[in-house]
Amino acid sequence: MFPKLNIVLSLILLVFLAGYSSAADPEPGEPKPGDPAPTITASQWLRGEPIGEYEPGRVYVVDLWSTWCKPCIDSMPALHALEKKYGEDVTFIAMDVWEMEPARVPKFMEKSGEFMPAHVAMDSVPAGKEANEGLTAVAFLGTSENIALPRTYRIDNVGRIAWVGLPGKLEGNLTKLLATESAPGGTSSQ
């Protein structure tokens, strides 16, 4: 859709804007709390067992990132620490999207993968499509040019989006929602 130069410039602008935004309301076309969680469509799982569907009763965190995104990379150790803390109750997935040079991702994982979540995958970009048109990216981010990476989604125990925001804002929200969902009959998507 976009010439590659426009994609690169847009991605640089999005990363810059990410530094100034906090956890935000979902953008048009992006799933919002209460909506069914989009499916993850990976071209390759670089770490962990592939996840085809969300398991009922299980909580998920899906973090969309890219190797060129410094805020994404900076947030990975904190996500990994949350996974160590909550891994019994929550499955963490780092999904690489909007990747301009897909060959960089496995090399990045070899060098820096120890601080990444246990499940890492690359988006599936159909032949002839641009990097920003990957199946997972479009399902989660829609087509809005106002969304920046990283973008994190908390999926509740019944497969709905429960929270959308930046990874740095996840822990307090995750703690609260896990407590709500573990209560008898709890299926909160607040």
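## Close-up views of a predicted model

**View 1. A salt bridge joins E171 and K85.** The side chains of E171 and K85 meet here in a salt bridge, with N and O 2.8 Å apart. E171 belongs to helix α5 (residues 170-182) and K85 to helix α2, so this pair ties together parts that lie 86 residues apart in sequence. K85 is exposed, with a relative accessible area of 54%, while E171 counts as partly exposed at 32%. As you look at this and the following views, please keep in mind that the model is predicted.

View 2. Helix α2 covers residues 70-86.

**View 3. K70 and D74 pair up within helix α2.** This view shows a salt bridge between K70 and D74, whose closest N and O atoms are 3.1 Å apart. Why are the two separated by about one helical turn? The reason is that they are four residues apart in helix α2. K70 counts as exposed at 56% relative accessibility, and D74 as partly exposed at 47%.

**View 4. E30 and R151 form a buried salt bridge.** The side chains of E30 and R151 meet at 2.8 Å, N to O. This pair links distant parts of the chain: E30 sits in the loop between α1 (4-18) and β1 (42-47), and R151 is in strand β5 (residues 151-155), 121 residues away. Are these two residues buried or exposed? E30 is buried, with a relative accessible area of 5%, and R151 is buried too, with 6%. A search of the whole structure finds five salt bridges, and among them are the pairs E30 and R151, K70 and D74, and E171 and K85.

**View 5. D63 is buried and has no salt bridge.** D63 is part of strand β2 (residues 59-65). Which side chain of opposite charge is nearest to D63? That is R151, and it is 9.2 Å away. D63 does have a polar partner, however: its side chain makes a polar contact with the side chain of T152, at 2.6 Å. Leaving aside neighbours within four places in sequence, the residues in contact with D63 include M76 and L79, as well as I93, A94 and M95. P150, R151, T152 and P167 are in contact with D63 as well.

**View 6. The bond from L149 to P150 is cis.** Most peptide bonds are trans. The one from L149 to P150 is cis, with omega near -5 degrees. You will find P150 in the loop between α4 (135-141) and β5. P150 is also one of the residues in contact with D63, the focus of the previous view.

**View 7. W98 has a positive phi.** Most residues other than glycine have a negative phi. W98 is not a glycine, yet its phi is positive, at about 55 degrees. Where does W98 lie? Its place is the loop between β3 (90-96) and α3 (104-112). At 6% relative accessibility, W98 counts as buried.

Notes:
Residues are numbered from 1 along each chain as its sequence is written. This is a predicted model: local features need pLDDT of at least 70, side-chain atom pairs count only at pLDDT 80 or more; totals for chains, interfaces and linings use all residues. Side-chain values use heavy atoms; hydrogens and water are left out. Buried means under 20% relative accessible area, exposed over 50%, partly exposed in between (1.4 Å probe, protein chains only). Lys and Arg count as positive and Asp and Glu as negative; His and the chain ends are not counted. A salt bridge is a side-chain nitrogen of Lys or Arg within 4 Å of a carboxyl oxygen of Asp or Glu. A polar contact is a pair of N or O atoms within 3.5 Å; within protein, one must be able to donate a hydrogen and the other to accept it, and residues adjacent in sequence count only if both atoms are side-chain atoms. Contact means heavy atoms within 4.5 Å. The expected span of a helix is 1.5 Å times one less than its number of residues.
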